[in-house]
Amino acid sequence: MTGWEQLAVLGAGLGAGILSSTVGVASLLSFPVLLAVGLPPVVANASNTAGLVAAGVSGSFGYRQELRAHPAVTLAVLVTCAVGSVGGAILLLALPPGVFEAVVPWLILISCLLVGAQPWISRWLRRTRDEPARLRHHLSPATVVFSVLTGAYGGYFGAGAGVMMAAVLGLGTDLPVHVVNALRTVSLLAANVVATLIFVFVADVDWLAIGLLAAGSVVGGYVGARIGRKMPPTVFRVLVVIAGVVTAVVMLFF
């Protein structure tokens, strides 16, 4: 890479880190930049995943107050997404490339609709529960299952996984939006760490690209967390829906 290309990757890491901690579509920015500077798709995918681990670490640190306030849920999200990611990585190695490519954009679009409609769906669910006044600050068995499945998707493919996790946590709990965003950031960290450990041993990676992405995203992840903590719930949902729709359209037509 030339000096300007290195600066482009560094800047992409900064932007991707901010997106990772706010709306969860970091790869929509960083992956195309890696392709543009000449990395082959497989190398770019593996290097992108490894480079964005830093964003997950700094973003989770930025959300540390929210995570400390809900340690049981934080641990549950970490474990379920890590376990799911292992399964997703196994699928990645065992199945032919592109098995789920036709389905993934539609999964992301459905998740967008669920995130956008979450306030109305949650109110309806509260009216149908036996104890409507009791807030759900833990993961139900059904939410655990969907969290594992989302982790598996993150380990296999990854694009839009943050949108999916926002939908799972938004519907499966009554936690505030900024806590959901913190947990979503942790879930992406778990998925990326598992995938990175596998990629380092079984795939080609570009260590210069990883280092540049990590240097940019470690700053961006923390900055994004500071933004995400103050983001109004309506703004968060609108941005997640927009980001998810853009990701799905890009995957469908490009």
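Let's start inside the protein, at Ile108. Setting aside neighbours within four places in sequence, Ile108 is in contact with Tyr153, Ala159, Gly160, Val163, Met164, Gly244, Thr247, Ala248 and Met251. Contact here means heavy atoms within 4.5 Å.

A word on the source. This is a predicted model: local features need pLDDT of at least 70, side-chain atom pairs count only at pLDDT 80 or more, and totals for chains, interfaces and linings use all residues. Residues are numbered from 1 along each chain as its sequence is written, and side-chain values use heavy atoms, with hydrogens and water left out.

Back to Ile108. Ile108 belongs to the largest nonpolar core, which has 19 residues. A nonpolar core is a set of buried Ala, Val, Leu, Ile, Met, Phe, Trp, Tyr and Cys residues joined through side-chain atoms within 4.5 Å. Buried means under 20% relative accessible area, exposed over 50%, and partly exposed in between, with a 1.4 Å probe and protein chains only. Ile108, Tyr153, Phe236 and Val240 have the most contacts inside this core. Two or more residues come from each of α7 (104-116), α10 (161-172), α11 and α13. The most come from α10, with five. A second, separate core has 17 residues, including Leu139, Met165, Leu183 and Ala190.

Now the whole chain. Its secondary structure is 13 helices and zero strands. Helices (H or I, at least four residues) and strands (E, at least two) are DSSP runs, numbered from the N terminus. Buried residues make up 48% of the 254. Among contacts between residues at least 6 apart in sequence, 83% join residues at least 24 apart.

Which helix is largely enclosed? That is α3 (residues 41-51): eight of its 11 residues are buried, so the rest of the structure largely encloses it. Among the buried ones are Val43, Ala46 and Thr49. Their cover includes α2 (27-36), α4 (53-62), α11 (177-202) and α12 (207-230).

Last, the surface. Leu28, Val235, Val238, Leu239, Ile242, Val246 and Val250 make a nonpolar patch of about 490 Å². Patch residues have over 30% relative accessible area and no salt bridge; like charges are joined within 9 Å, nonpolar side chains (Val, Leu, Ile, Met, Phe, Trp, Tyr) within 5 Å. A salt bridge is a side-chain nitrogen of Lys or Arg within 4 Å of a carboxyl oxygen of Asp or Glu. Areas come from the Shrake-Rupley method with a 1.4 Å probe; for residues, only the protein chains shown count as cover. Helix α13 (residues 233-253) gives the most to the patch, six residues. Ile242 lies in α13. Ile242 is partly exposed, at 48% relative accessible area.
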